[in-house]
Amino acid sequence: PEQRGVQVVAYNMNAGHHMDLRTSDTHSAGPTTKMRITNDGHITIPNDNKQLKIGAGNDLNFYHDGTNSFITNNTGELFISASQVNIKSAAGEYMAYFNDNDAAALYFDDAKKLETDSFGVSIQGDSLRVPDGSASSPGFTFNNEGNADTGIWRPGANELGFSTAGTERLRIGTSAIDVSSYFNVTNSGLTAQIYHSGSGDTIGC
């Protein structure tokens with residue numbers, strides 16, 4: 001019967017010519033439009049959750065589920081190549097950009113907050129926020145340290161702690177600076193130490 005199989009239908013719409021590709025989902029069902037070429041040159045898939053599949057194994061897929069849109073790649077890596085790649089919101093606001101051999105940047109509400117440069121990373125906002133951390137796992141550490149147990153952390157409100165090898169060495173608060181080990185003062189090869197012996201204060205040279 002005619003309703004089975006494939007139909008290619010050309011028709012007039014909005015003073016232009018369109019062409020539909022229609023197929024049947026089952027032998028008993030009539031053909032429905034699966035793809036359309038519009039008079040202005042657009043190719044559309046007018047159904048939700050129907051995918052444009054590319055590749056011998058259908059590895060690259062584009063589709064819309066009625067609410068969100070998806071690009072999925074099931075094999076290897078997904079490459080985007082251009083001299084500059086811009087990511088913008090639906091309202092046209094910048095979210096990120098990536099330049100060839102130049103800066104990359106991240107935005108918040110169309111305002112640049114972070115940008116890479118030849119020296120590393122530049123923070124454009126008012127602050128860089130990291131987790132509080134602890135003496136053994138500071139919130140701010142260093143790449144070349146190896147173990148992430150040396151750095152700066154937040155012991156409590158209005159306090160700043162410094163640790164090495166997972167042990168607190170110095171704490172700065174609103175009313176005092178606490179030293180957890182020896183406090184050395186070195187000048188011209190001579191060192192003076194200030195520390196607590198357990199029974200009294202000691203200053204040694």
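**Entry 1: the model.** I noted that the model is predicted, that local features need pLDDT of at least 70, that side-chain atom pairs count only at pLDDT 80 or more, and that totals for chains, interfaces and linings use all residues. Residues are numbered from 1 along each chain as its sequence is written, and side-chain values use heavy atoms, with hydrogens and water left out.

**Entry 2: the sheet.** I looked up an open sheet of five strands and found the order β13-β14-β15-β16-β17, with antiparallel pairing. Its edge strands are β13 (140–141) and β17 (177–179), each of which pairs on one side only. For the terms, I recorded that strands (E, at least two residues) and helices (H or I, at least four residues) are DSSP runs, numbered from the N terminus. Two strands pair if DSSP finds at least two bridges between them. In general, strands of a sheet pair through backbone hydrogen bonds, either parallel or antiparallel.

I then turned to one pair in this sheet. Strand β14 (residues 151–153) runs antiparallel to strand β15 (residues 160–164), and three bridges join them. Which residue of β15 is the bridge partner of I152? I found that it is F162.

**Entry 3: salt bridges.** I found six salt bridges in the structure. The term requires a side-chain nitrogen of Lys or Arg within 4 Å of a carboxyl oxygen of Asp or Glu. For each partner I also looked up the exposure: buried means under 20% relative accessible area, exposed over 50%, and partly exposed in between (1.4 Å probe, protein chains only).

- R154 and D132 form a salt bridge through their side chains, at 3.1 Å from N to O. R154 lies in the loop between β14 and β15, and D132 in the loop between β12 (120–123) and β13, so this pair ties together parts that are 22 residues apart in sequence. R154 is partly exposed at 38% relative accessibility, and D132 is partly exposed with a relative accessible area of 38%.
- Salt bridges that share partners join D20, R22 and R36 into one network. Within it, the side chains of D20 and R22 meet at 3.6 Å, N to O. Is D20 buried or exposed? D20 is buried, at 1% relative accessible area, whereas R22 is partly exposed at 23%.
- K112 and E115 form a salt bridge in which the closest N and O atoms are 3.3 Å apart. K112 is partly exposed at 27% relative accessible area, while E115 counts as buried at 17%.
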